[in-house]
Amino acid sequence: MSTEFVWVVPCFDEEHRLDRDAFVSLVDSRPDIDVLFVDDGSTDRTRDVIEALARARPGRLRGLSLSPNRGKGEAVRRGLLHALSTGPRFVGYLDADLATPIREMCRLSDVLRDRGVDVVLGSRVALLGRRIERNSTRHYVGRVFASAASLMLGVAVYDTQCGAKIFRSTNALKAALAEPFSSRWVFDVELLARLLEARDAAGAPCSVEIVEEPLLEWREVSGSKLSLRSLCRAPVDMGKIALRLRGRARNRARNL
């Protein structure tokens, strides 16, 4: 019998940042959640750490290795596809540094199951009573980015780039993951776009219900793999995604 949830954790040179005890405690306390670590061509001993975790909890903590390095987007895509192949009801992904704490990822998972929606996005909203510790510069850059993503997607979304998302296993999700993403870092937006434009076998729009859940806690962790070059490239990638969306919309309109 497959587990209910499989979380995907993309890893690149995370030897010293993977909290082994936290993940072992997770699967010991939550029999409905398994974890798949995707080693994205790491150059340190990340693979050894993942293999040790897999030995500690066989079947509950698992590893998938990619070589050479494919980028976070491809690591997430391949990980989600692998997870879906094992038959869970829900899949998701979170960052290896646990900027989103495990207890918050558990809460997002429970929200998805209890509310009966298709996608839950973790959202870093600094509200009274919540602990959102984020670099101010990255926060304001993120707000500009999210505003642009909202306009492009045609939906009001506050935080597309939070690395904590949970999905119901659906045909729309599998179709959205069928092809590699065009961007290594803006893949979250591209994935949402693919889900929002999903069609069934007859070509009719699929109903995909997506909600954002403000996190109670999130903290910036040093050692981010997001470089200045990647940050500068993000608007270019966003533009390319927008052009593809418009092109597909025009093609659908011509075929009506």
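The model is predicted, so local features need pLDDT of at least 70 and side-chain atom pairs count only at pLDDT 80 or more, while totals for chains, interfaces and linings use all residues. Residues are numbered from 1 along each chain as its sequence is written, and side-chain values use heavy atoms, with hydrogens and water left out. Helices (H or I, at least four residues) and strands (E, at least two) are DSSP runs, numbered from the N terminus.

**Sheet**

- Seven strands form an open sheet in the order S3-S2-S1-S4-S7-S5-S8, with mixed pairing; two strands pair if DSSP finds at least two bridges between them.
- Strand S3 (61–66) and strand S8 (210–214) are at the edges with a single partner strand each, so one side of each has no neighbour in the sheet.
- On average, neighbouring strands of this sheet are turned by 20 degrees against each other, direction ignored.
- Strand S1 (residues 5–11) and strand S2 (residues 33–40) run parallel and are joined by seven bridges.
- Phenylalanine 5 is opposite isoleucine 33 in S2.

**Helices H5 and H7**

- Two packed helices are described by the angle between their axes and the distance between the axes.
- Helix H5 (residues 136–153) and helix H7 (residues 187–196) have axes that come within 11 Å and cross at roughly 20 degrees; axes are lines fitted to C-alpha atoms, for helices over the stretch in contact, and angles run from 0 to 180 degrees between N-to-C directions.
- H5 and H7 are therefore roughly parallel to each other (angles under 35 degrees count as roughly parallel).
- Phe145, Ala149, Met152 and Leu153 of H5 make the contact with Val189, Leu192, Ala193 and Leu196 of H7, where contact means heavy atoms within 4.5 Å.

**Aromatic pairs**

- The count is five aromatic pairs, with rings of Phe, Tyr and Trp (its six-membered ring) pairing if their centres lie within 6.5 Å.
- The ring centres of phenylalanine 23 and phenylalanine 37 are 5.0 Å apart and the planes are at 85 degrees, so this pair is edge-to-face (planes over 60 degrees apart).
- Phenylalanine 23 is in helix H1 (residues 20–29) and phenylalanine 37 in strand S2, so the pair ties together parts 14 residues apart in sequence.

**Backbone features**

- Most residues other than glycine have a negative phi, and most peptide bonds are trans.
- The peptide bond from serine 67 to proline 68 is cis, with omega near 0 degrees, and proline 68 lies in the loop between S3 and helix H3 (72–84).
- Aspartate 13, in the loop between S1 and H1, has a positive phi of about 55 degrees although it is not a glycine.

How values were computed
Angles under 35 degrees count as roughly parallel, over 145 as roughly antiparallel, 65 to 115 as roughly perpendicular and the rest as oblique. Rings of Phe, Tyr and Trp (its six-membered ring) pair if their centres lie within 6.5 Å; planes under 30 degrees apart count as stacked, over 60 as edge-to-face and the rest as tilted.
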